[in-house]
Each structure stands twice: as structure tokens, then as C-alpha cells.
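Please open the structure in your viewer and keep the selection tool handy. We will walk through it one stop at a time.

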Amino acid sequence: MKQSNIVIGADHAGFALKEKIKQALVSEQVGVHDLTPVFVDGDDYPKVGYDVARAVSTNPKARGILVCGSGVGMAIAANRVKGARAFDAHSVDEVKLAREHNDANIIALSGWKMKNTEALKMIEAFLTTPFSKVARHKRRV
């Protein structure tokens, strides 16, 4: 899973999971840029989602990982940025489809509901699944 250009961020509800994800990626020698390195109680997810999306949208090789309470708010905030294609992930199959069919470049995860092992499996799929070369998928994106 050699991938660099990973931008990661979380609000207070996703911070613990984000830290475990970051630790696992770094141990695999994946380059990670953490936009929320310090826990801030009561912070706002829209700013984090926007900041990660801006960083990802300016680098075609970058991928983003967002973690908040449900994952939904971060995905909504990120998708306000042109060039960001964020989705709220629930399964490895969904992750693969989001990459293959939509060229998703940002994954949003739930800090409240997701277990570490589940999150890491989804992130591995997110970082290793290529975008489809099928014409209709390219056209839609």
C-alpha cells in the first residue's frame, strides 16, 4: 500500500480513530499530512472537511481521509470544494465502487460507529483501487 500524498483530518468525534489510522499508515511507510494533529474539543467539522478537500483538490495524486462522528458532515463539507469527490464509507464494497465508478478522492468515516480494523480495510481498498477506464465512468466524473 505504498501511497503518498495522503491528507487526513478529524474533528473531536473522529480524532481517536484518525490517530489510529494515521499510526497504521505511517507504520506502512505511507506519507501522511495531518491537518488536525492536536485534539480540539468542540471544534467544527465543516472547516476540517473544507481544509482537507482544498488540499486534495489542488493535487491530482492526493487522497483525503476524513473522520467525524458519522462521516456525513465531513463528506458534505468536502464536496463543496470543486475537484473534491468525497463519500461516506460503510463497507469495503462501497469503497471499491466509489473509487472505480466515481474516482472518489476523499473517504469519510464514522468515529462513533467504525472499528479500527474495519476502517483500515476500507482505507486499504480506497488507496489501492484504481479508477475505471470505462468510458461512461470517465464521462460521468
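Predicted model: local features only at pLDDT ≥ 70, side-chain atom pairs only at ≥ 80, totals over all residues.

Select Ala86 and look across to strand E5, where its bridge partner is Ile106. Now widen the selection to both strands: E4 and E5 run parallel and are joined by 3 bridges.

**The whole sheet**

Next, show all the strands as a cartoon. There are 5 of them, forming an open sheet in the order E2-E1-E3-E5-E4, with parallel pairing. Which strands are at the edges? They are E2 and E4, each of which pairs on one side only. Turn the view to look along the sheet, and you can follow a twist that averages 20° from one strand to the next.

**Strand E3**

Select residues 63-68, which make up E3. Are they mostly covered or mostly open? Mostly covered: 6 of the 6 residues are buried.

E1, residues 6-10, pairs with E3 in the parallel sense over 5 bridges, and Ile8 stands opposite Ile65. E5, residues 106-110, also pairs with E3 in the parallel sense over 5 bridges. To find one of the contacts between these strands, select Cys68 and its bridge partner in E5, Ser110.

**Helices lying across the sheet**

Bring H1 into view. This helix lies across E1, E2, E3 and E5, and runs at about 160° to E1. Then select H2, which lies across E1, E3 and E5 and runs at about 175° to E3.

**Helix H5**

Move on to residues 116-128, helix H5. Its 13 residues reach 18 Å from the first C-alpha to the last, close to the 18 Å expected at 1.5 Å a residue. Colour its buried residues: Ala119, Met122, Ile123, Ala125, Phe126 and Leu127. What covers them? The elements include E1, H1, E3, E4, H4 and E5.

**The aromatic pairs**

Hide everything except the aromatic side chains. A search of the whole structure finds 2 aromatic pairs. Start with Phe15 and Phe39: their ring centres are 5.6 Å apart and their planes meet at 75°, so the pair is edge-to-face. This pair links distant parts of the chain, with Phe15 in H1 and Phe39 in the loop between E2 and H2, 24 residues apart.

Phe87 counts as buried at 13% relative accessibility, and Phe126 counts as buried at 0%.

**Last stop**

Where does Arg63 lie relative to the ring of Phe126? Arg63 is over the face of Phe126, at 5.4 Å from the ring centre.

How values were computed
Residues numbered from 1 in each chain as written. Heavy atoms only, no water. Buried < 20%, exposed > 50% of the residue type's maximum accessible area, 1.4 Å probe, protein only. Helix = DSSP H or I, 4+ residues; strand = E, 2+ residues; numbered from the N terminus. Pairing = 2+ DSSP bridges. Expected span 1.5 Å × (residues − 1). Contact = heavy atoms within 4.5 Å. Phe/Tyr/Trp six-rings, centres within 6.5 Å; stacked < 30°, edge-to-face > 60°. Lys NZ or Arg CZ within 6 Å of the ring centre and 35° of its normal. Axes fitted to C-alpha atoms, helices over the stretch in contact; angles between N-to-C directions.
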